Amino acid sequence: SKLSFLFRFPDQARIEVHDPLGRTASLLLFQAGEAFFVLPGKRAYWRAARQDVMQKLVGFSLYPEDLAEMLAGQWERLPNWELESDSQGRVVRGRRGGLQFEVRKFFNRSRLPQHLAISSGKDTGSLKILRLGFNRPMKKDVLEPLFLANSEFRSVSWEEMEGWLREMAKR
């Protein structure tokens with residue numbers, strides 16, 4: 001899947017998962033301590049604490065601001081992480097409790113990761129970053145949960161959301 005990330009420090013984020021045609025298959029919005037996981041095709045959302053949403057979706061609690069700092073190469077801003085650097089002074093690995101990351105490839109000798117692997121126990125995942133853009137103008141409400149004002153959208157339980165995700169994975 002193709003993902004797009006948008007972060008506004010300190011506590012807002014938008015992560016979109018796109019289908020092969022470029023449509024938004026799912027949306028994850030973070031607002032301070034809460035998060036919304038949205039399936040636009042089902043006109044449904046699940047609202048929970050941000051760490052609960054990340055735990056359910058990826059299997060471990062990776063804070064959106066930590067992911068933003070990793071993608072921006074701002075390793076020194078990762079609190080409570082044990083970091084390991086290479087001979088060029090770039091951070092190549094990190095650990096916080098049972099959560100680990102490894103930078104497998106950097107963009108053109110920079111400190112920006114191009115391929116980032118993240119794991120916790122048996123749960124693993126990786127991101128291959130195609131391009132990065134910083135300080136770009138944003139649409140006014142792109143980080144706001146505007147779907148809450150749309151009467152077609154409804155709040156659902158995690159169990160219902162998980163059922164739809166399992167159906168989608170079978171296709």
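**Close-up views of a predicted model**

**View 1. Helix α2 and its buried residues.**
In helix α2, the buried residues are P64, D66, L67, A68, E69, M70 and L71. Here, buried means under 20% relative accessible area, with exposed over 50% and partly exposed in between (1.4 Å probe, protein chains only). Helices (H or I, at least four residues) and strands (E, at least two) are DSSP runs, numbered from the N terminus. The helix covers residues 64-71, and seven of its eight residues are buried, so the rest of the structure largely encloses α2. Just after α2 comes G73, with a positive phi of about 70°.

This is a predicted model, in which local features need pLDDT of at least 70 and side-chain atom pairs count only at pLDDT 80 or more, while totals for chains, interfaces and linings use all residues. Residues are numbered from 1 along each chain as its sequence is written, and side-chain values use heavy atoms, with hydrogens and water left out.

**View 2. Helix α1 and what covers it.**
Look along residues 50-58 for helix α1, whose buried residues are R50, V53 and M54. Viewed down the axis of α1, these buried residues fall within an arc of 95°, so they line one face of the helix; the arc is that of the directions from the helix axis to the C-beta atoms. Their cover includes β3 (24-31), β4 (34-39), β5 (44-49) and our helix from the previous view, α2. G59 follows α1 and has a positive phi, near 90°.

Strand β7 (residues 91-96) pairs with strand β8 (residues 99-106) in the antiparallel sense, over four bridges. Two strands pair if DSSP finds at least two bridges between them. Two residues lie between the strands, and G97 in the turn shows a positive phi of about 60°.

**View 3. The hairpin of β8 and β9.**
On to the next pairing: β8 also joins strand β9 (residues 113-120) in the antiparallel sense, over seven bridges. Here F101 stands opposite I118 in β9. This hairpin has six residues between its strands, and N108 takes a positive phi near 30°.

R90 sits in the loop between β6 (82-85) and β7. With a relative accessible area of 15%, R90 is buried. Leaving aside residues up to four places away in sequence, R90 touches E84, S85, F106, R109, S110 and R111, where contact means heavy atoms within 4.5 Å. Q114 belongs to strand β9. Its relative accessibility is 18%, so Q114 counts as buried too. Again without residues up to four places away in sequence, the contacts of Q114 are K105, F106, F107, L127, K128 and I129.

On a 1 Å grid over the protein atoms alone, a cavity is a set of points where a 1.4 Å probe fits but cannot get out, and a pocket is an open set with protein on both sides within 12 Å along at least five of seven lines; lining residues have an atom within 4 Å of a point. Grid points are joined across faces, edges and corners, and a volume is the space filled by probe spheres set on the points. There is one cavity of 30 Å³ or more, and the largest cavity holds about 60 Å³ of space. Its lining has 13 residues, with P10, D11, Q12, P64 and E65 lying nearest the centre. β1 (2-8), β2 (12-18) and α2 each supply at least two lining residues; α2 gives the most, with three. The lining of the cavity comprises eight nonpolar, one polar and four charged residues. Ala, Val, Leu, Ile, Met, Phe, Trp, Tyr, Cys and Pro count as nonpolar, Asp, Glu, Lys and Arg as charged, and the others, Gly among them, as polar.

**View 4. The largest pocket.**
The largest pocket contains about 1200 Å³ of space. Of its 31 lining residues, S4, F5, L6, R131 and G133 lie nearest the centre. Elements giving two or more residues to this lining are β1, β2, α2 and β10 (123-128). β1 has the largest share, seven residues. By class, this lining holds 16 nonpolar, five polar and ten charged residues.

**View 5. The second largest pocket.**
About 950 Å³ of space lies in the second largest pocket. Among the 30 residues lining this pocket, L3, V17, S26, L57 and V58 are closest to its centre. Two or more lining residues come from each of β1, β2, β3, β4, α1, β10 and α3 (158-170). The lining of the second largest pocket divides into 20 nonpolar, six polar and four charged residues.
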